[in-house]
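Thanks, everyone; please have the sequence and the structure open while I talk.

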Amino acid sequence: MPTIHFYDTVTAGRSPTEGQVIRFDSAVYPARGSVDLSTTNIKLRDDVYLDPDVVMNSDLALLAFDQGCSEVEWARRVFADFTRPNTLHIAFGSTTRHDPFIRASFYRNLLPYPCLGVPDTAHFLDLDVLLRAILLIRPGECPWDVETLTGGAAGLYQFLMWDAGLGTENRALRVKEVLSKISEASPKLLHHAVTVSSPSQIKALLGLDGGEVWDLRSVKPVVMVHPSLPDNRGAILAMPVAADVSYPDLICMVDLEADLSSLCSDSTESLQHLSRANKGDRSAPLFHISMSRIPFVAPLSAIRPDDAKRLGINVSAVKANIQRLTSAKHLVGRLRDEPVLQLNAQPADVDHRMWAGDFPSTDLDLMRQLHSSGFNSWHDLLLTGTDRRLRDLGNRMLGRYQPDALSPSDRGVWLRHVDQRVRGDFSGSFRLEQLMERAEDMCQQYPTAAGVQGFRERLHRLKGMVNDGF
């Protein structure tokens with residue numbers, strides 16, 4: 001039996017890239033030995049923008065986010081958990097709610113975690129994705145009446161986790177309770193999800209050969225479920241047709257319910273317009289999904305005749321499309337020569353550059369050396385890095401944790417970065433004054449809320465720090 005790691009987060013900030021985890025609840029059940037339970041509060045970084053309305057209307061209002069360990073201290077500890085071999089990581093909404101923030105913290109704090117994938121030995125089970133799969137193909141096995149919830153399946157997290165609160169209770173234990181309920185109600189689908197809980201296992205189920213698509217006669221049609229899929233029901237009957245050269249976990253899939261006549265025709269001049277851009281665009285048959293997001297994937301046989309009828313699936317049309325694809329001898333070659341994936345331009349800011357690619361092995365070794373050294377020695381070590389991102393991220397870490405190790409010019413760069421982030425998308429000191437006025441009003445309304453009081457104190461402190469620095 002593998003080690004099982006349950007976890008949950010509370011996050012702050014407007015995105016994983018610019019925000020952070022501020023509370024992390026964990027329950028580790030090793031194959032042997034005692035259970036390790038922990039709840040960690042993480043102090044909010046200076047360069048995180050907080051929206052006043054979000055502070056007022058979320059868990060942040062109750063959290064003293066100026067207290068706790070530093071982000072780098074927490075990231076170092078959980079990095080060991082998420083890189084432990086033979087471990088199954090379980091959370092509710094992990095691939096959409098928690099993991100993006102956790103992975104961004106590893107990148108931002110220069111921990112040697114893959115930028116483009118997950119460790120080969122890691123396994124993940126997202127209970128949100130699993131419940132969506134149960135609702136799709138075995139709705140009678142769902143332990144809860146989703147139709148009565150505000151927001152349907154999207155409201156399950158709030159419904160299942162709200163009563164855990166933000167007290168001393170470890171919220172990861174609530175995740176364990178949810179898993180127990182699912183295990184009782186739908187043991188077969190849970191077992192299947194666990195056996196296909198890593199990118200390599202999913203690729204094997206898809207029939208990929210060495211992670212590649214060489215022949216459409218050897219790949220497997222599947223039912224795929226994930227809330228990020230470009231389909232309104234969050235599920236697509238699909239078949240893999242190509243793997244991305246630059247991003248190995250990114251697989252190009254084809255919607256088997258779509259019109260494939262243009263895709264499979266040799267006379268179609270360009271395939272670019274056949275890539276789906278949004279959830280409502282059923283006319284474009286191609287879409288991409290990263291296997292590191294661990295979608296629920298099962299053979300088409302999981303859709304029984306009654307399920308197909310309930311979901312409005314034309315089984316005959318799906319079978320015809322499978323036959324059409326396997327007969328399209330030149331499609332695999334065309335997709336290799338004419339990639340259809342159009343990635344959005346990335347901001348130049350280094351915090352947004354995680355997806356630019358994995359760091360070279362020499363820089364990964366340097367990261368390990370950095371974390372075994374004191375911050376005072378970082379300045380010279382950072383100059384030996386190959387990837388420019390390493391130096392830029394390292395300088396920001398020094399700004400957070402050892403500002404006197406920065407040169408005067410680098411410190412000025414750091415303070416300008418903090419000033420810009422704290423103000424959000426707005427420019428000029430007038431916006432900061434507006435935020436401070438709003439914070440005063442919030443404190444008058446909620447004088448005992450730790451997060452509201454902390455929001456005001458934080459703005460005053462950061463304003464003084466930036467003004468003194470300049």
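Let me start inside the sheet, where V223 has L237 of β7 as its bridge partner. This is a predicted model, in which local features need pLDDT of at least 70 and side-chain atom pairs count only at pLDDT 80 or more, while totals for chains, interfaces and linings use all residues. Residues are numbered from 1 along each chain as its sequence is written, and side-chain values use heavy atoms, with hydrogens and water left out.

Strand β7 (residues 235–243) runs antiparallel to β6, and 4 bridges join them; strands here are DSSP runs of E of at least two residues, helices are runs of H or I of at least four, both numbered from the N terminus, and two strands pair if DSSP finds at least two bridges between them.

The whole sheet is open, with 5 strands in the order β9-β8-β7-β6-β10 and antiparallel pairing; its edge strands, β9 (286–290) and β10 (296–299), each pair on one side only.

Turning to helix α6 (residues 171–185), its buried residues are R171, A172, R174, V175, V178, L179 and I182. Seen down the axis, these fall within an arc of 150 degrees, so they line one face of the helix, the arc being that of the directions from the helix axis to the C-beta atoms.

Methods: Buried < 20%, exposed > 50% of the residue type's maximum accessible area, 1.4 Å probe, protein only.
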